[in-house]
Amino acid sequence: MSGAERVLLDLLDGLDRSVFDPFATCPIEGGLRSQLHANGVPTVPVGILEARFTLSPRKLLHYFRSFAAVTFGLRASVKAVAPEVLHANSVRAGLVASIATLGLGIPIIWHVHDDLPKHPISSLIRGVAYLSKRSMFLAVSNATALAFCGNLPLGDRTEVLYNGINRERYPVKTTTASMFREELGLTGEDFLICAVGMINPRKGLTGLLDAFKDVYLAVPSAHLAVVGAPIFNRDDLYLAEIRDQAHRLGIEDRVHFTGPRSDVPNVLRSADLLVLNALVEPFGLVLIEAMSSGTPVLATRVGGIPEIITDNETGYLVAPSDPIALATRLLQVIDDPAGRWRVASTALSTVCPRFSQEQFRVGYMAYLRKKFPRASTLVTVSTPLNARSDAHS
């Protein structure tokens with residue numbers, strides 16, 4: 001379960017079931033299937049797709065076999081369920097879906113949550129996307145849309161829909177005192193920096209630890225909590241690497257690796273500052289969650305993040321891959337409580353309404369109405385999203 005899966009669950013939860021009859025195909029392993037069932041969405045099992053960007057012939061052969069197996073499995077499921085539309089919840093899922101449905105004439109929405117890296121396989125993916133005229137592309141930010149299209153003329157089939165959050169789940173804090181801080185052994189006098197998300201090299205945690213070494217020396221009350229778990233291949237090795245780094249830098253007594261938490265809203269309310277030192281970030285859902293909680297945010301100027309944060313107005317931006325600049329900005333922010341309060345208040349009033357759950361759900365319904373004439377006769381965007389109607393698909 002990562003951000004893309006959470007967005008998918010929210011999307012499905014917002015569908016009017018008197019109009020839409022959703023099915024999901026996903027692996028039996030992992031937490032997504034149980035969450036889908038809890039939301040009343042039946043699932044069709046599919047194998048786990050093992051595929052990563054590589055030029056190793058041995059790995060490419062292994063990944064090709066996995067890709068072929070999942071593609072044939074998905075084709076059988078699609079024929080059994082006979083959907084009118086396929087929503088592929090990632091670039092990889094879109095690639096599989098487009099090939100698996102060749103000759104079936106089913107339209108496919110690629111929900112683009114990822115920025116394609118500079119790699120020969122990215123060019124292949126774009127080529128498949130371009131040739132699949134049934135495919136349309138919904139990106140989570142303008143930066144992600146541009147990165148996905150590359151040099152191919154995919155713009156007329158590509159639109160942007162920003163993610164949104166349920167703001168009721170992330171209420172504004174009245175204090176930073178919490179069970180989470182008590183678990184870490186912190187008092188109200190300590191300054192708590194949190195990094196929340198999957199443990200992955202793209203999150204720039206090694207650079208954050210390098211920057212925190214300067215903060216550690218200058219601010220004895222500063223603590224860093226790394227909240228999250230490794231999800232993808234070999235990310236467990238990255239977690240071991242950053243644990244060793246904290247020990248090597250001599251900062252491990254004030255760096256807390258908490259693992260995954262089921263109380264992320266509480267964690268965000270407990271923090272004095274959220275830091276997202278990403279090297280790649282298509283959107284950054286946790287930024288909105290922190291803003292809704294009344295916690296100021298500091299992030300890198302990459303991907304879709306500048307579409308959320310205006311530097312020194314609704315948060316703080318720094319250059320990526322620059323621990324010295326990050327350390328300097330962290331020290332400035334820690335030393336400026338009035339500035340933190342100002343940017344947090346501005347973000348709460350101006351940014352959060354733009355990225356609400358309601359905005360996201362209404363936007364997706366409007367997208368369906370525009371793309372599919374039949375849906376446009378059944379769905380009224382101004383109608384409450386969970387309201388029942390007499391129309392049936």
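**View 1. Elements covering the buried residues of helix α6.** The cover over the buried residues of α6 includes α4 (91–100), β4 (108–112), α5 (120–131), β5 (135–139) and β6 (158–160), where contact denotes heavy atoms within 4.5 Å. Helices (H or I, at least four residues) and strands (E, at least two) are DSSP runs, numbered from the N terminus. The model is predicted: local features need pLDDT of at least 70, side-chain atom pairs count only at pLDDT 80 or more, and totals for chains, interfaces and linings use all residues. Residues are numbered from 1 along each chain as its sequence is written, and side-chain values use heavy atoms, with hydrogens and water left out.

View 2. In α6 (residues 142–149), the buried residues are Thr144, Ala145, Phe148 and Cys149. They lie on the same side of α6 because they cover an arc of only 130° around the axis, the arc being that of the directions from the helix axis to the C-beta atoms. Buried means under 20% relative accessible area, exposed over 50%, and partly exposed in between (1.4 Å probe, protein chains only). Gly150 follows α6 and has a positive phi, near 60°.

**View 3. Cysteines Cys26 and Cys149.** Cys26 is buried, at a relative accessible area of 5%; Cys149 is likewise buried, at 9%. The structure contains 0 disulfides, a disulfide being a pair of cysteine sulfur atoms within 2.5 Å.

**View 4. Ala338 in helix α13.** Ala338 belongs to helix α13 (residues 337–351) and is exposed, with a relative accessible area of 56%. A distance of 42 Å separates the C-alpha atoms of Ala338 and Gly150, which are 188 residues apart along the chain.
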